[in-house]
Amino acid sequence: MVGCIKMIVYNLKELIAVKSLKEGRKITLDEVANAAGVNKAAMSKMANNNNYSTTTRTLDALCAYFDCKIEEIIIYKK
């Protein structure tokens, strides 16, 4: 399949926007990183989809923070 790039992308910016709207306040990437126990630089790479690989512990912490399923955090795109 030449020219077809497949990748897993993180849906963090959208989840932050939804949570911010629900809570009526601005939620920052730093706040998410601190709450999930994730390095701020790593969180930034994930949010900007810079081909970052993470651990299941991090994914678990993000699921807990956003109160969501894993498929809401990571999405496979062709």
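Biologist: Is Glu-31 buried, exposed or partly exposed?

Modeller: Buried means under 20% relative accessible area, exposed over 50%, and partly exposed in between (1.4 Å probe, protein chains only). Glu-31, at 25%, counts as partly exposed. The model is predicted, so local features need pLDDT of at least 70 and side-chain atom pairs count only at pLDDT 80 or more, while totals for chains, interfaces and linings use all residues. Residues are numbered from 1 along each chain as its sequence is written, and side-chain values use heavy atoms, with hydrogens and water left out.

Biologist: Which residue does Glu-31 meet in a salt bridge?

Modeller: Side chains of opposite charge can pair when their charged atoms come close. The cut-off for a salt bridge is a side-chain nitrogen of Lys or Arg within 4 Å of a carboxyl oxygen of Asp or Glu. Glu-31 meets Arg-25, at 2.7 Å from N to O. Arg-25 is partly exposed, with a relative accessible area of 37%, and also forms a salt bridge with Glu-23, where the closest N and O atoms are 2.9 Å apart.

Biologist: How many salt bridges does the structure hold, and which residues are linked in a network?

Modeller: The structure holds 3. The network links Lys-19, Glu-23, Arg-25 and Glu-31. Lys-19 and Glu-23 pair at 3.0 Å, N to O. They sit 4 residues apart in helix 1, so about one helical turn separates them; helices are DSSP runs (H or I, at least four residues), strands likewise (E, at least two), numbered from the N terminus. Lys-19 is buried at 16% relative accessible area, whereas Glu-23 is partly exposed at 38%.

Biologist: What does Ser-20 touch?

Modeller: Contact means heavy atoms within 4.5 Å. Not counting residues up to four places away in sequence, Ser-20 touches Arg-25, Lys-26 and Ile-27. Ser-20 lies in helix 1 and is buried, with a relative accessible area of 13%.

Biologist: Which residues of the largest nonpolar core touch the most other members?

Modeller: A nonpolar core is a set of buried Ala, Val, Leu, Ile, Met, Phe, Trp, Tyr and Cys residues joined through side-chain atoms within 4.5 Å. Here the largest has 21 residues, and those touching the most other members are Leu-12, Val-32, Met-43, Leu-62, Phe-66 and Ile-73. Helices 1 (12–23), 2 (29–36), 3 (40–47) and 4 (56–66) each give two or more residues to this core, and helix 4 supplies the largest share, 6 residues.

Biologist: What is Phe-66 in contact with?

Modeller: Leaving aside neighbours within four places in sequence, Phe-66 is in contact with Leu-12, Leu-15, Ile-16, Lys-19 and Val-32. Just after helix 4, Asp-67 takes a positive phi of about 50°.
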